[in-house]
Amino acid sequence: MLVLLPPSEGKASSGRGAPLKPESLSLPGLAEAREAVLGELVELCSGDEDKAREVLGLSEGLRSEVAKNAELRTAGARPAGEIYTGVLYDSLGLASLDTAAKRRAGRSLLVFSGLWGAVRVTDRIPSYRCSMGVRLPGLGALGAHWRAPMASVLPEVAGSGLVLDLRSAAYAAAWKPKGEVAGRTASVRVLHAPTRKVVSHFNKATKGRIVRSLLTAGADPKGPAELVETLRDLGYVVEAQAPAKAGQAWSLDVLVDEVH
């Protein structure tokens, strides 16, 4: 099983660990594309602070994020699972998983990123600020920058099992499973049951809980249909729509009344 996650907007501090070693990151086929983004981001943030803030879409209150980006090559690095915070990651609670579930998380979770493309939760990265929606002056829109390298690397990473897609729209645009991979992909929405609308907090928290439930249970559904049954067994209310034709992903709606 491969689980595709969005990053969090806010991130923990880098800490005092050893600095980034780009060659140590998973998915080495993304190395060239990563270096292109990293190089331009560091250069941008080492220059005119106001321009950098405008390009990155940062408010005045987040001005300090520019200086943080300027130091990315020398800042301390920590496992990505510790860097990413926010509602989804709080509900996932990687740090409190047992040893076996942590190992499963290291194998199956893939976090998409405007800067790194995609990383494992065990990959050591510095704290940064660069969303997939950013358009860098030299490289252009990051979503478009990542499409070709992702299309080259991700099908092999997906292997032959289930792909559980929990990404937000901006990050989903960087790689869309196609062909045979799409047929074993399940894209999940979380709906507030009384209104049948997507509510941000419910959506993020429930996605984190779903991943935690699967990891804790040691579940390894082989495809979308088996995933639906697994989630129902774990207590979730799931409505599933199989693809109308080959080469399309399954659509799953998880209905929640409240977040526990």
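Mentor: Asn 69 counts as buried, at 0% relative accessibility. Buried means under 20% relative accessible area, exposed over 50% and partly exposed in between, with a 1.4 Å probe and protein chains only. This is a predicted model, where local features need pLDDT of at least 70, side-chain atom pairs count only at pLDDT 80 or more, and totals for chains, interfaces and linings use all residues. Residues are numbered from 1 along each chain as its sequence is written, and side-chain values use heavy atoms, leaving out hydrogens and water.

Trainee: Which helix does Asn 69 lie in?

Mentor: Helices (H or I, at least four residues) are DSSP runs, numbered from the N terminus. Asn 69 lies in H3, residues 64-70.

Trainee: What is Asn 69 in contact with?

Mentor: Contact means heavy atoms within 4.5 Å. Set aside neighbours within four places in sequence. Asn 69 is then in contact with Leu 41, Val 42, Cys 45, Leu 56, Tyr 128 and Arg 129.

Trainee: How do the axes of H1 and H2 cross?

Mentor: Axes are lines fitted to C-alpha atoms, for helices over the stretch in contact, and angles run from 0 to 180 degrees between N-to-C directions. The axes of H1 (residues 31-45) and H2 (residues 49-56) come within 8 Å and cross at roughly 135 degrees. Angles under 35 degrees count as roughly parallel, over 145 as roughly antiparallel, 65 to 115 as roughly perpendicular, and the rest as oblique. H1 and H2 are therefore oblique to each other.

Trainee: Which residues meet there?

Mentor: From H1 come Leu 41, Leu 44 and Cys 45; from H2 come Lys 51, Ala 52, Val 55 and Leu 56. Six of the contact residues are nonpolar, none is polar and one is charged. Here Ala, Val, Leu, Ile, Met, Phe, Trp, Tyr, Cys and Pro count as nonpolar, Asp, Glu, Lys and Arg as charged, and the others, Gly among them, as polar.

Trainee: How many disulfides does the count come to?

Mentor: A disulfide is a covalent bond between the sulfur atoms of two cysteines. The rule asks for a pair of cysteine sulfur atoms within 2.5 Å. The count comes to zero.

Trainee: Where is Arg 63 found?

Mentor: Arg 63 sits in the loop between H2 and H3. Arg 63 counts as partly exposed, at 22% relative accessibility. Not counting residues up to four places away in sequence, Arg 63 touches Glu 49, Asp 50 and Arg 53.

Terms used
Helix = DSSP H or I, 4+ residues; strand = E, 2+ residues; numbered from the N terminus.
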